[in-house]
Amino acid sequence: MAPQVDGFVFDLDGTVYLGEAALPGSVDAITELRRRGKQVLFVSNKPLSPRETYATKLTRLGIPTPPDAVITSGYVLGHHLAQTEPHLRYYLIGEENLRKELRSHVLTIIDELNEQDPMEVIDPAGIDAVIVAFDRTLDYRKLNTAYQALRLGARFYATNADKTCPMPGGAIPDAGGTLAALQHMTGRELELLAGKPSTLIMQVAQERLGLPAGRCMMVGDRLETDILMGQQAGMLTAVTLTGVAKREDVARMPAPPTFVINNLGDIPSLIV
Ligand SMILES: [Mg+2]
């Protein structure tokens, strides 16, 4: 019997779209799910762009979406820290959009002293927590500031831990290398990860859907992140073969996803 699912969490790249094009079936499927009164959220591990950027892109591709239906790792971290540690002073290795996102949650993000001098670091004693993110403006000064603060015992958080970020024709370094460098230098372990495969991003998604996990479905193209997170959260899962995962990868999984689909167009007929 087809399960009843009332809330959906969709990964974006490789699931709903690839680059600048909607994947086959995704526009019609999401339109149909909404017509049937289902709630739909979109998640991205990337902390580079504000939620509005994803909402605008989805809308442009034929899936009209408000910003608050999008959850990024930057949003998840800001939302979580605003609830748990709103009064700390944070040092960010990250880009300007993320700084704005975190400040929108009324968090104190310390500004650099002197952008020109790589040796001038903020007093590390004034930093309560270091946040590491995907940062294409990473430099020695930032690494040094984070190192000095971590050495003095600052908390160690990250938006995402991806080693690389896929790009058309290849990939570029993501936050994983920065995290590894700081872990290597300090012997410290990361204390909080907001993005996939951490369950925090799923907790925030489920909180937003306001539904029991058993009536939610996580849909994505990566088994080791999207599907694993959905399973850990107790949701139904569907892996789509439009991105990273191949059918033979699914066959090797000890705990396979609930559904294996060719594209999102299969979903409406699988659920009640
Ligand atoms: Mg994906």
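Tutor: Phe 8 has Met 217 of S13 as its bridge partner. Strand S1 (residues 7-11) pairs with strand S13 (residues 216-220) in the parallel sense, over four bridges. Strands here are DSSP runs of E with at least two residues, helices are runs of H or I with at least four, and both are numbered from the N terminus; two strands pair if DSSP finds at least two bridges between them. This is a predicted model, in which local features need pLDDT of at least 70, side-chain atom pairs count only at pLDDT 80 or more, and totals for chains, interfaces and linings use all residues. Residues are numbered from 1 along each chain as its sequence is written.

The S1 and S13 strands belong to an open sheet of six strands, ordered S5-S4-S1-S13-S14-S15, with parallel pairing. At its edges stand strand S5 (70-72) and strand S15 (259-261); each has a single partner strand, so one side of each is left without a neighbour in the sheet. On average, neighbouring strands of this sheet are turned by 20° against each other, direction ignored.

Across S1, strand S4 (39-44), S5 and S13 lies helix H7 (residues 200-209), which runs at about 160° to S4. Such axes are lines fitted to C-alpha atoms, for helices over the stretch in contact, and angles run from 0 to 180 degrees between N-to-C directions; contact requires C-beta atoms, placed from the backbone, within 7 Å.

Key:
Contact = placed C-beta atoms within 7 Å.
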